[in-house]
Amino acid sequence: PVREHTTPAHTPTPVQQSPTRTDRQTVMFAVSANAACAAPAATASAARPRTGHATPARFHQKAAFVGAQVRMGRAAQSRRTAVQCRAAVGKDAAEVPGTNAKGLGKALPMAMDIDQIMALLPHRYPFLLVDRVVEIEQGSYAIGLKNVTINDNFFPGHFPQRPIMPGVLMIEAMAQVGGLIMLDPKAAGEGGTQQQFFFAGIDGVKFRRPVVPGDQLVMKVVLTKMNKRFGVAKMKGQCFVGEELACEAELTLAMGK
């Protein structure tokens, strides 16, 4: 008897056919995302169907991810460049040509303002020549200043072609500062103190430079001798414009009624 041969039950394996010449020409190679090896991928005309092969999908996903990273990097670089450009433009806009004006004009301290000066000195316009007292010590010294402007009433006539502050007015300004040293602050009033002082002598006058509109005349007057019995005081006065000496003189003032 002929015994019938049976094989165990299993999933039949399809017979792999040898690729024809046409099939060999249509074979393509796909690059794996994780390795640099090449693997044949059969086309639809190949005998073996391609089922469940996930390599192309992973490759495309990684390529899309890399492309997204590149685009994000370029966008970030563009944003950084834009920020740097805006910062550069802001820096250039903040630069102002010329010297910085801050600090050029010195804000001198104020021991007496113009109201306090007018309460003590009897002088009034156009002959009040002290705008501020920077320092003062009664019976010792005082430092005052006069802001010289083109609006001063003496410039139209001294001189029309070249305005210069008259030297005698610099002497007068120093005398007014010296009067503040002599006068009693307790006698101050709305119309100025009732005490008066007069020139008794001027010695050793020297003019070092002209004083013109825009200058700030700083005057320092120091009491050198005081005769209280006769009410006569001797003082040393100097006028400065910046660091330059403009005028100096020895003044003799006498108190009167």
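Begin by selecting glutamate 248, which lies in strand β8, and keep in mind that the model you are looking at is predicted. Is glutamate 248 buried or exposed? Its relative accessible area is 11%, and because the cut-off for a buried residue is under 20%, glutamate 248 counts as buried. Now show the side chain of arginine 208 as well, and you can trace a polar contact of 2.7 Å between the side chains of glutamate 248 and arginine 208. If you display the surroundings of glutamate 248, leaving aside residues up to four places away in sequence, you will find that it touches Gly204, Val205, Lys206, Arg208, Lys236, Gly237 and Gln238.

Stay on the strand and select threonine 252, whose place is also in β8. Threonine 252 is buried too, with a relative accessible area of 9%. Which side chain does the side chain of threonine 252 meet in a polar contact? Select lysine 234, and you will see that its side chain makes this contact at 3.2 Å. Again leaving out residues up to four places away in sequence, threonine 252 touches Phe198, Phe199, Ala200, Gly201, Val232, Ala233 and Lys234.

Next, widen the view to the sheet, an open one in which six strands follow the order β3-β4-β6-β7-β8-β5, with antiparallel pairing. To find its edges, select residues 132-137 for β3 and 196-207 for β5, each of which pairs on one side only. Looking across the sheet, you can follow how neighbouring strands are turned against each other by 20° on average, direction ignored.

For one pair in detail, select residues 141-147, which are strand β4, together with residues 216-227, which are strand β6; the two pair in the antiparallel sense over seven bridges. Within this pair, look for glycine 144, which stands opposite methionine 219 in β6.

Finally, select residues 167-182, helix α4, which packs on the sheet and touches β3, β4, β5, β6, β7 and β8, while its direction makes about 55° with that of β8. As you inspect the helix, note that α4 is mostly covered, since 14 of its 16 residues are buried.

Definitions and conventions. Residues numbered from 1 in each chain as written. Predicted model: local features only at pLDDT ≥ 70, side-chain atom pairs only at ≥ 80, totals over all residues. Heavy atoms only, no water. Pairing = 2+ DSSP bridges. Helix = DSSP H or I, 4+ residues; strand = E, 2+ residues; numbered from the N terminus. Axes fitted to C-alpha atoms, helices over the stretch in contact; angles between N-to-C directions. Contact = heavy atoms within 4.5 Å. Buried < 20%, exposed > 50% of the residue type's maximum accessible area, 1.4 Å probe, protein only. Polar contact = N/O pair within 3.5 Å; in protein donor to acceptor, adjacent residues only side chain to side chain.
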